[in-house]
Amino acid sequence: MSQTATIAVGGMTCTGCSGRVRDALEGLEGVLSAEVSHETGQAVVSHSGTGRDSMVAAITGAGYTADGASVDFNWGDGDVWRKSANNTKWCLIGCSIGEFGTLAYYSYSGITADLAMYSSMWYFYAVLPLINGLVTSVMLETSLLMRGQMDFSNALSTALGMSFISMLMMEIAMEITDLLFTAGELGLNYFAIPLMLVVGFLTPWPYNYWRLKKYDAACH
């Protein structure tokens with residue numbers, strides 16, 4: 001006879017997360033089906049006698065918490081460092097398109113040349129490259145997910161559910177680096193680009209490792 005178990009799952013942030021938990025549960029012997037929602041933070045499992053401990057172990061093994069139990073965390077997983085580096089690389093590409101493009105336009109057009117430093121308009125134009133970088137990053141991730149046979153609606157919602165913390169860290173680090181080269185003037189110093197890319201990559205990389213290792217969730 002089939003039984004139903006409801007397990008509280010922590011750490012899920014998108015449909016990709018809930019899919020990984022579902023796959024982990026349905027891979028257990030005796031599990032008939034699993035309905036997992038990142039919105040409610042629950043997994044409803046239909047099974048024929050599978051132990052709850054086994055289900056909890058499957059969920060934590062996938063990188064999420066279950067019934068308060070979590071996977072052990074450490075900073076020494078080389079495979080996760082490589083995967084998080086690849087995730088960070090795609091995040092960097094997406095963010096750079098919007099941020100570099102906006103800053104380059106400032107330099108080309110001269111629209112920010114006469115702004116008083118740290119005035120309200122200066123801050124407005126300073127924030128705009130960050131917003132544009134986030135937009136282009138989400139657009140790039142959506143297109144990549146669609147190439148992986150995901151429909152537009154799910155691809156967009158998954159991209160939007162990814163870590164804005166990582167992207168913001170990256171965007172802010174790159175713009176601060178550029179401002180150091182331009183002495184506070186809003187625009188793109190082309191000599192700063194290599195260092196901006198290095199700083200933009202290194203700043204969120206440890207966070208992306210932590211997120212991937214602990215929750216099996218990536219920004220890209």
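Colleague: How many disulfides does the count come to here?

Modeller: A disulfide is a covalent bond between the sulfur atoms of two cysteines. The working rule is a pair of cysteine sulfur atoms within 2.5 Å, and by that rule the count is 0 disulfides. Cys-14 is in no disulfide: the nearest cysteine sulfur belongs to Cys-17 and lies 3.7 Å away. This is a predicted model, in which local features need pLDDT of at least 70 and side-chain atom pairs count only at pLDDT 80 or more, while totals for chains, interfaces and linings use all residues. Residues are numbered from 1 along each chain as its sequence is written, and side-chain values use heavy atoms, with hydrogens and water left out.

Colleague: Is Cys-14 buried or exposed?

Modeller: Buried means under 20% relative accessible area, exposed means over 50%, and partly exposed is in between, computed with a 1.4 Å probe on protein chains only. Cys-14 has a relative accessible area of 8%, so Cys-14 is buried. Cys-91 is buried too, at 0%.

Colleague: How many salt bridges does the structure hold?

Modeller: Side chains of opposite charge can pair when their charged atoms come close. The cut-off used is a side-chain nitrogen of Lys or Arg within 4 Å of a carboxyl oxygen of Asp or Glu. The structure holds 3 salt bridges. One of them joins the side chains of Arg-22 and Asp-23, at 3.7 Å from N to O. Arg-22 is partly exposed at 33%, and Asp-23 is partly exposed at 48%.

Colleague: Where do Lys-83 and Asp-79 lie?

Modeller: Both lie in helix α3, 4 residues apart, which is about one turn of the helix. Lys-83 is partly exposed, with 46% relative accessible area, as is Asp-79, with 35%.

Colleague: At what angle do α3 and α4 pack?

Modeller: Axes are lines fitted to C-alpha atoms, for helices over the stretch in contact, and angles between N-to-C directions run from 0 to 180 degrees. Helix α4 (residues 120-147) packs against α3 at about 140 degrees, with the axes 7 Å apart. Under 35 degrees counts as roughly parallel, over 145 as roughly antiparallel, 65 to 115 as roughly perpendicular, and the rest as oblique. The two helices α3 and α4 are therefore oblique to each other. The axes of α3 and α7 come within 9 Å and cross at roughly 135 degrees. That makes α3 oblique to α7.

Colleague: Which residues of helix α7 are buried?

Modeller: In α7 (residues 193-202), the buried residues are Ile-193, Met-196, Gly-200 and Phe-201. They cover an arc of only 125 degrees around the axis, so they fall on the same side of α7. The arc is taken from the directions from the helix axis to the C-beta atoms.
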